[in-house]
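User: Hello, I am new to this structure and would like to walk through it with you. Could you show it to me?

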Amino acid sequence: MKHLIIGTVSALAFTATGALAQDYPSKEIAGIIQWGAGGSTDTVMRAVTPHAEDVLGGTVVMQNVTGGVGAIGLNQVASAAADGYTLLMGAENPLLYKVMGLGQKDYSDFVPINILARGTPILVAGKDAPFDDYAGMLAYIKENPGEVRFGSTGPGGLPSVVTAMINAVEGEQDVIFVPYDGDGPALTALQGGAIDVMPAVLGAAIEGIKAGAMKPLLVFEPEAVATLPDTPTAISANEGYNQYLPWGPFFGIFVRTDTPAEAVEKLTAAYKEAAEQAPFLELMSNRGFTPLNISGDEAQAFLDDWQSTTAWLMQDAGLTKASPEDFGIAKPAE
Amino acid sequence: MDAFAAFFMVFTDLKLLALVAAGTFAGVYIGAIPGLSVTMAVSILISFTFSWDVHPAIALMIGIFMGGVYGGSRTAILLNIPGAPSAIATAMDGYPMAQRGEAGTAIGITTVMSFFGGFIGIIVLALAAPSVSQFALKFQPRDYMLLAILGILLVGSLSGESLVKGIFSGAFGILIGMVGMDPLTFTGRFTYDLPLMQSGISFIAVMIGMFGVSEALAQLHHLDSAAVKQKISRIVPSFGTIKKYLPLSLQTSSIGVIIGALPGTGGDIAALMAYDHAKRVTRKPSRPFGKGAIEGLVAPETANNAAVGGAFIPMMTLGIPGDAVTAIMIGALFIHGLNPGPMLMVEQPDMFWFIVGALVVANFFMLIFGLTGIRLFTKIVEMPRAVLIPMIMLLSVVGAYAVNNSITDVYWMLAFGVLGYFMRSYGYPLGPVILGVILSRLLDDNWRRAIISEREDLGRFFHGILTSPLSLALFLAVIFIFFSQTPLWTRLKAKLLRNKNQEAQ
């Protein structure tokens, strides 16, 4: 009995004083991936984490917890202990949960460990579309109102943001939005002619463009991208895009706020080194992502900026359920 | 390295050969346990094989894929619990066979036919991949919708005694499939603001509950009756038997390849459609369907294994996944520095031939592992019920939990198990419920896409259907199959054929 009491007391003391952090990681770390197996978030996380494991000297067991636009996975990590043994591996979506009415929590309940990379949005058209460039597309839409089919992935997704930018800069476009489950299925539909135009992430479209199965119209970057040097940039097409760019979906790793500082530091160092590994960088450039590899205050500033730009763009497009103002999301500086 | 060398790479490299064998072996057992899915196994393997070369990693995944699709039939036949959604149709006639003491024969035929279907899929992949993928791309939202309606009409085949109860079950399944956040608009449907309902009801949990738990509950009624003695005189079917089912298996394999190659549909729908097809074209089945007809085993098992080759077609030619497993394999190829897409076949044809070779090897191993150990497996059915029933319950709980590591899914599973038991007791067929859940999204999403694309104008929508040859063919098939199930058609047919062959009716 005496042993039991001593055992219990010391076990309590052990957890309470955070002695675990001293030799972090002392057990397996769980990595909760917000999106399904085979998706881009999944691929990126499974590619970077083995390098981080080497640095950490521990194991990260990754698991896909999908559903609710990633909110199920986020809530699972948010309700786990803030001990650094549960990581959230996610994308940009949670920053819009509050304004889209999808949840009460977002990345403000988390500390960014690393924002790994940012994607480049690109506007692509099917190979049989009756226009070959951005200006041609705008002219065609004007002549044939309500005929051109844009693919979309629901409010808050990349296509809705890019479309909101186009509408804000070029004026409201009279087109049809056909909803798909993700940019993969939508780009398939583009190749089959079910839709005419799709705003997608460069990495998902690049192979189709190289094969001539789709036409690139515009990249949403301030400067031309290396993989598609001949595709005009949004800013060269219209100066108005300047206020929104650079913008793009991103991938990041997070832990709960109140996680012991030592765990945060060790994880940050591990993922920083992992994101510098040549095979990972090669994967990123193959898929058309811009490596960021930022953490700490820099990552937080990136998140705040992203949230402010996007939430207000959605608000102005009338796609939000609640105003960003209600959640203290600052309006972007003009 | 030319195509020839790439194709034989797996045959000649002992390490790769062993990996495919290990993968196939593991796949058969992963596939047999409901809830442990091939998709899950392959996604775990991505991290596991991260530091490997691309060839061994892919070889292992292909083994698991091939073995897993086949393995689902094991528990379907022996316990009436499909190990995977693609084995639902297999349970319809496989389990009645086991009940008659013919589990060995059923597994033997299933194995050989899966092998056959697998080969048809591989041959189509090797010889006609580019043209099949071009065909698959032609499917517009309205065509997927028509395909889903064709699928819904299978209710007639899966209903058993009462069509009305079958339709009720099917509609109930469609309703279950709609619960949760609508993925197209992110609006909750039937969620009643409960967080529990927001992510929807796991389809696998419904399947395990309806088939596994309700089966265990139903078995409680026969607790004292003796277990069925299994005769295992003949496991490998005779050449004559195989020859007899050759025409049917060629047709059902073709269904499997096409449905597998379509990016929106997979082996589960292929197997159900093939089962329906067999029921329609077989004039004199060896036994009535649903009572242990061999045709009812041949059709789904050829189709779901043919769908494996089919799923690789859009993956290899376009970089578009044909199903959930190939979606993960595309991710694996990316991680290993390849760029799956339309250029892969042009820039790296070796990879294509390597995958074809690995599939062939996996198919052979599936045959070997499938035909050995049957004696041991059939002992499961001979176990006393007092052991068997708790085992089914345990498998069901573990399986439901494993899908999403969620205890909620276990509760759903148990609830649907109890519901399934009562539905069974009152003669409501369970097959249509699962059919409804599978087809719910396909039907709903594509109907909305189709009508949104036509500016919500029904006139334009029908104009589209009538002017596209593919849509028109599917539309006519829907009308034909619908009418062939009404009494009107039976009367008309009887009248027309009265003089010719009266007894055939």
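This is a predicted model: local features need pLDDT of at least 70, side-chain atom pairs count only at pLDDT 80 or more; totals for chains, interfaces and linings use all residues.

User: What is the bridge partner of A:Ala117 in strand 11 of chain A?

Analyst: Residues are numbered from 1 along each chain as its sequence is written, with chains lettered from A and ligands numbered from 1 in the order in which they are written. Strand 4 of chain A and strand 11 (residues 289-294) of chain A pair antiparallel over four bridges (strands, E, are DSSP runs of at least two residues and helices, H or I, of at least four, numbered from the N terminus; two strands pair if DSSP finds at least two bridges between them). In strand 11 of chain A, the partner of A:Ala117 is A:Pro291.

User: Is strand 4 of chain A buried or exposed?

Analyst: A residue is buried if 20 or more other C-beta atoms, placed from the backbone, lie within 10 Å of its own, exposed if 12 or fewer, and partly exposed in between. Because ten of the ten residues of strand 4 (residues 110-119) of chain A pass as buried, the strand is largely enclosed by the rest of the structure: buried.

User: Which residue of strand 10 of chain A is the bridge partner of A:Arg118?

Analyst: Strand 4 of chain A also runs antiparallel to strand 10 (residues 250-256) of chain A, joined by seven bridges. There, A:Arg118 has as its partner A:Phe250.

User: How many C-beta neighbours does B:Ala362 have inside 10 Å?

Analyst: B:Ala362 sits in helix 18 (residues 349-371) of chain B. B:Ala362 counts as buried because its C-beta neighbours inside 10 Å number 29.
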